[in-house]
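Me: I would like to learn how to read the features of a protein model step by step. Could you take me through this one, giving the general idea before each case?

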Amino acid sequence: MASDPINLSICISSCKARDLLVQCLETVLKDPPNTTYEIIIVNDYSGDGTAEAVADQFPNVQFIENPGPVGIARAFNMAFSQATGRYILQLSADVTPQPNALSRLYEFMESHPDTGMAGAQLLNPDGSLQPCGRRFPTLLSIIWNKLKFHMVTPADYFHMSYRNYNQIEEVDEMPNACLIIRRETMDQVGMLDENLKRFYDDVEWCLRIKKGGWKIYNVPQAQVIHHWYYTRTPDATFLIQTGYFSELYVFKKHYKWWEFQIIRSVEIIEILFRMLKWAFSWLIRPASRTFFRERLQVGWQTIKMALTIG
């Protein structure tokens, strides 16, 4: 890491991911971007020894530790605020960049001045495609995706038939696992919306970037392994409520009033449908009644939350 002006600030958010973070840092330092760079890590304290591991093995990185979870958007914004580079790389701790991935993202941005953001091609740990790069959600697409979510496998749910995942394509939004954003773009549209603790923070950011007149691309030549299946929290209350809140929040902020009202109604109907299934399972599965009772409580809390928004 040279003393010359920094071109690329690599900003990493970590929570309960010590081993994956170490793997991520080892990979980045073994195959660094072909430009001046800095590494900034924001870790939500979890008592797993992350701070000690980073201090021992990577003393030259900037390390910030929160006393507890603050949410993905807040953690990344803390890193962005310290960044000095012309470009900012948003990198999740559960990502392992493949050879030349970061250099290719940097070179792409350098050669495409009208691009505000570009994202890497995501791969599963077994090397299979983790589909990314989609159109913005619409009222109809949300309803259709909710139907598909209850009928097909996750792979079918995420795969977009209109995409060619082997070619560089302009897209509406990219997931926040490995994104590079231009400094001018961030200065214009702002950082991540910290009201979004999880889910839709990347979509909401991309909406502002597109509205600002910038292009967003998926660059498949830059590949990274994303271990997202291994980092999902088992806290059902958090996942269910945060997912519904995030969707409603983004629709209220960026879409028409009547679209927000319809989406809210659709979400409440979906939650009631889930509650019916949980209630039936509570009746026929006595050994799991505590689990399904908790799910029913979550469902009721989520409905009350949905009714209070707006």
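Me: In which hand, left-handed or right-handed, does helix 10 pass helix 11?

Reply: Before the case, a word on where the values come from. This is a predicted model, in which local features need pLDDT of at least 70 and side-chain atom pairs count only at pLDDT 80 or more, while totals for chains, interfaces and linings use all residues. Residues are numbered from 1 along each chain as its sequence is written, and side-chain values use heavy atoms, with hydrogens and water left out. Helices (H or I, at least four residues) and strands (E, at least two) are DSSP runs, numbered from the N terminus. A crossing is left-handed if the near helix is turned anticlockwise from the far one by less than a right angle, and right-handed if clockwise. In this model helix 10 passes helix 11 in a left-handed crossing.

Me: At what angle do helix 10 and helix 11 pack, and how far apart are their axes?

Reply: Axes are lines fitted to C-alpha atoms, for helices over the stretch in contact, and angles run from 0 to 180 degrees between N-to-C directions. Angles under 35 degrees count as roughly parallel, over 145 as roughly antiparallel, 65 to 115 as roughly perpendicular and the rest as oblique. Here helix 10 (residues 257–284) and helix 11 (residues 289–308) pack at about 165°, with their axes 9 Å apart, and they are therefore roughly antiparallel to each other. Contact means heavy atoms within 4.5 Å, and among the residues that make this one are Ile268, Leu272 and Trp282 of helix 10, with Phe292, Leu296 and Trp300 of helix 11.

Me: Which residues of helix 1 and helix 2 meet, and how do their axes lie?

Reply: The axes of helix 1 and helix 2 (residues 50–57) come within 9 Å and cross at roughly 25°, so the two helices are roughly parallel to each other. Helix 1 passes helix 2 in a right-handed crossing. Arg18, Leu21, Val22, Leu25 and Glu26 in helix 1 meet Thr50, Ala53, Val54 and Gln57 in helix 2.

Me: Is Thr27 buried or exposed, and what does its side chain reach?

Reply: Buried means under 20% relative accessible area, exposed over 50%, and partly exposed in between (1.4 Å probe, protein chains only). Thr27 is found in helix 1 (residues 18–30), and because its relative accessibility is 19%, Thr27 counts as buried. The side chain of Thr27 reaches the backbone oxygen of Gln23 at 2.8 Å. Leaving aside neighbours within four places in sequence, Thr27 is in contact with Thr96 and Pro97.

Me: Why is strand 6 largely enclosed by the rest of the structure, and which strands does it pair with?

Reply: Two strands pair if DSSP finds at least two bridges between them. Nine of the nine residues of strand 6 (residues 115–123) are buried, which is why it is largely enclosed by the rest of the structure. Strand 6 pairs with strand 9 (residues 215–226) in the parallel sense over eight bridges, where Gln121 has Gln223 as its bridge partner. Three bridges join strand 6 to strand 8 (residues 178–182), and these two run antiparallel, with Met117 standing opposite Ile181 in strand 8.

Me: Which side chain makes a polar contact with the side chain of Ser9?

Reply: A polar contact is a pair of N or O atoms within 3.5 Å; within protein, one must be able to donate a hydrogen and the other to accept it, and residues adjacent in sequence count only if both atoms are side-chain atoms. Ser9 lies in strand 1 (residues 8–15) and is buried, with a relative accessible area of 0%. The side chain of Ser9 makes a polar contact with the side chain of Glu38 at 2.5 Å.

Me: Where does Gln130 lie, and with which side chain does it make a polar contact?

Reply: Gln130 lies in the loop between strand 6 and helix 5 (139–149), and at 6% relative accessibility Gln130 counts as buried. The side chain of Gln130 makes a polar contact with the side chain of Asn124 (2.7 Å). The C-alpha atoms of Gln130 and Ile225, 95 residues apart along the chain, are separated by 8.8 Å.
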